[in-house]
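Thanks for making time this morning.

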Amino acid sequence: MGYRRTLRRDVACTGIGLHSGRPVRLHLHPAPAEHGIRFLRSDVGVEIPATLSYLGGQDHATTLTRDGVSIGTIEHLLAAFGALGVDDVLVEVDGPEVPVLDGSSAPFVILLHEAGLRPLAVPRQYVKVLEPVEVVRGAKSVRLSPSDHFQISYTIGFDHPLLRHQSLSLRVTPRTFTENVASARTFGFLREVEMLRKGGLALGGSLENAVVIGETGVLNNKLRFEDEFVRHKILDAVGDLALLAHPLVGHLEANKAGHALHAAVAQKLLATPSAWELVPRPAVSALEAPARPAAELLRPAEA
């Protein structure tokens, strides 16, 4: 369990891009040890490593860019890779965006279970936080501090009765991610939809792939969790931190943050040599099995 892992076989799915609204096909391929996670834009023949070095825009999603070519909305897929312990995979996409599917990581977790995972003959290394690093931008902040495992503590607050305050702290493992985070969907406010679409965003958004919040409540029939919103923020953070290219051993504390701050604190960590080191497998395995079948992820939680 302390070795790098890839897929046992190819798997694929189709969907639409959340922001582009374009149909897209996603194909996951096994890869050799130390290949890392790479995105291949098969329509233009450009390959982009999933690392902070290729980070592009972060306007309502995380995007990678290389040689003028980009791949967007990668965070939900990267969260599934990061939480389940997939180190080496080639992600082939025939368009500029990963399909949004239902707006969560659950379909990708299911896809990875269908593919199966296999160990490679190279030990995995982890980024261990040694000293705190912090990024503060007004009322928003993120902090990475030392821990013996991967922990995320997240607080959100918006000017809306449903979302004035939600907070959750979670030790991230395959089990906790699968049961408590993977199926939490992306969300947005109805009042912002027109503005986003005028800016070329959310063109593929619908009640089928996002939780839409109106003035008096949620327009979707049912939330999957009472605090689904903060759980999705944790999901996004897991995906964005996967751009470190190694699993993290540390505690992320986020307050009203988002993609840009997740990346900023990861970049600050790597830019501070005394604040981190690469270490072999932690004492406690980060690769425990999920507690229930992956197919149950898409079922709404009981009220």
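I will begin with the chain as a whole, then turn to one pair of helices, and finish with a few individual residues.

Please keep in mind throughout that this is a predicted model. The protein chain has 303 residues, of which 54% count as buried, and its secondary structure comes to 6 helices and 18 strands. The accessible surface is about 12,900 Å², with 52% of that area belonging to carbon and sulfur atoms. If we take the contacts in the chain with a separation of 6 or more, 75% of them are between residues 24 or more positions apart.

Now to the helix pair. Helix 1, which covers residues 75-84, packs against helix 5, residues 228-241, at an angle of about 75°, and their axes are 7 Å apart. Angles from 65 to 115 degrees count as roughly perpendicular, and helix 1 and helix 5 are therefore described in that way. On the helix 1 side the contact is made by E75, H76, L78, A79 and A83, while helix 5 contributes H232, L235, D236, V238, G239 and D240. Sorted by class, this contact has 5 nonpolar, 3 polar and 3 charged residues.

How many of the 10 residues of helix 1 are buried? The count is 9 of the 10, so helix 1 is largely enclosed by the rest of the structure. Directly after helix 1 comes G85, whose phi is positive, near 85°.

Let me move on to L52, which sits in the loop between strand 5 (46-49) and strand 6 (64-66). Is L52 buried or exposed? With a relative accessible area of 11%, L52 is buried, because the cut-off for that class is under 20%. Beyond residues up to four places away in sequence, L52 touches L243, L244, A263, A266, Q267 and L270.

By contrast, V136, found in strand 11 (residues 133-137), is exposed, with a relative accessible area of 53%. V136 and N255 are 119 residues apart in sequence, and 9.5 Å apart in space from C-alpha to C-alpha.

Finally, some backbone angles. Most residues other than glycine have a negative phi. L101, however, has a positive phi of about 55° although it is not a glycine, and K256 likewise has a positive phi of about 55° without being a glycine. L101 is in the loop between strand 8 (89-93) and helix 2 (106-115), and K256 is in the loop between strand 17 (248-255) and helix 6 (259-270). L101 is partly exposed at a relative accessible area of 25%, and K256 is partly exposed at 37%.

Conventions:
Residues numbered from 1 in each chain as written. Predicted model: local features only at pLDDT ≥ 70, side-chain atom pairs only at ≥ 80, totals over all residues. Heavy atoms only, no water. Axes fitted to C-alpha atoms, helices over the stretch in contact; angles between N-to-C directions. Helix = DSSP H or I, 4+ residues; strand = E, 2+ residues; numbered from the N terminus. Parallel < 35°, antiparallel > 145°, perpendicular 65-115°, else oblique. Contact = heavy atoms within 4.5 Å. Nonpolar A, V, L, I, M, F, W, Y, C, P; charged D, E, K, R; others polar. Buried < 20%, exposed > 50% of the residue type's maximum accessible area, 1.4 Å probe, protein only. Areas by Shrake-Rupley, 256 points an atom, 1.4 Å probe, with all protein chains shown as cover.
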